[in-house]
Amino acid sequence: MVLGATAHPNTNTETQQTDSLQEGADLKILSWNIYMLPPVVAKKGKRPRAHAIVEELKKGEYDVIVFQEAFLTAARNIIGEGLKEVYPYAYGPINRKPGIKISGGVWVLSKMPMKPLHTIEFTDCATWDCMSRKGAVLLEGEWKGKTFQVLGTHLQADGYDLIRQKQMDDIYMSLLLPYKKDSVPQIVCGDMNTEQEMKE
């Protein structure tokens, strides 16, 4: 399977597409860090931006959307309500539990029902990342009669290469490897906090 990534016009996003699921019918997946930080982070314009996200995505260009940093409940409500007719299925945000820490911020919307296979919470973190329950989720769906899996995640920020490596190991050992199936593509989406020029 060949995956291609292209920049989405006018937004800070990446689109991951695969044409191996069925000839002539692309499955379109959008991975987007929407920067909807919790109320403790005083950042203006979150709600207006949430409405703008709704207007952009109402076009229905994508089949599955994997959001990162969907921490703000009010923003999720705006986006979820605004898109429910186009994307009626929602999963997450991952690792939402009672306590001081906030959720993992990964939130998936889909045009089709998907089966959550497993979710993990990273045990390694540093600095502000330790205030959230970052991790990864693996979902399985069917597109044009073909099964596929989508993994959503958000890795450690800033210059903590060893922590990111451990998180990638956790994703592989706890999600990708155990749920791997012959001829079923596993599509990894998320904010990897890894620039192309970072050799490590």
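Me: Which residue in β4 is the bridge partner of Leu-30?
Reply: Ile-65 is the bridge partner of Leu-30 in β4. Keep in mind that this is a predicted model.

Me: How many bridges join β3 to β4, and do they run parallel or antiparallel?
Reply: There are 6 bridges between β3 and β4. The two strands run parallel.

Me: Is β3 largely enclosed or open?
Reply: β3 is largely enclosed by the rest of the structure, because 8 of its 10 residues are buried.

Me: Switching to helix α2. Which of its residues are buried?
Reply: Helix α2 covers residues 73-83. Its buried residues are Ala-75, Arg-76, Ile-78, Ile-79 and Leu-83.

Me: Why are those on the same side of α2?
Reply: They sit on the same side because they cover an arc of only 160 degrees around the axis.

Me: Take Ile-79. What is it in contact with, leaving aside neighbours within four places in sequence?
Reply: Ile-79 is in contact with Ile-34, Ala-50, Ile-53, Val-54, Phe-67, Trp-107 and Leu-109.

Me: Which residues touch the most other members of the largest nonpolar core?
Reply: That core has 20 residues. Ile-34, Ile-53, Leu-57, Ile-65, Phe-67, Ile-79 and Leu-109 touch the most other members.

Me: Which elements each supply at least two residues of this core?
Reply: β3, α1, β4, α2 and β6 do.

Me: What about a second core? What does it include?
Reply: The second core is separate and has 18 residues. Ala-25, Met-114, Val-137 and Leu-139 are among them.

Me: New topic. Where does Thr-153 lie?
Reply: Thr-153 lies in strand β9, residues 146-154.

Me: Buried or exposed?
Reply: Thr-153 counts as buried, because its relative accessibility is 0%.

Me: What does Thr-153 touch, not counting residues up to four places away?
Reply: Its contacts include Gln-68, Val-106, Phe-122, Ile-171 and Met-192. Cys-189, Gly-190 and Asp-191 are also among them.

Me: How far is Thr-153 from Phe-67, going by C-alpha atoms?
Reply: Their C-alpha atoms are separated by 9.0 Å. Along the chain, the two are 86 residues apart.

Me: Last one, Leu-162. Buried or exposed?
Reply: Leu-162 counts as exposed, because its relative accessibility is 75%. Exposed means over 50%. Leu-162 lies in helix α3, residues 161-176.

Methods. Residues numbered from 1 in each chain as written. Predicted model: local features only at pLDDT ≥ 70, side-chain atom pairs only at ≥ 80, totals over all residues. Heavy atoms only, no water. Buried < 20%, exposed > 50% of the residue type's maximum accessible area, 1.4 Å probe, protein only. Helix = DSSP H or I, 4+ residues; strand = E, 2+ residues; numbered from the N terminus. Arc of directions from axis to C-beta. Contact = heavy atoms within 4.5 Å. Core = buried A, V, L, I, M, F, W, Y, C linked by side-chain atoms within 4.5 Å. Pairing = 2+ DSSP bridges.
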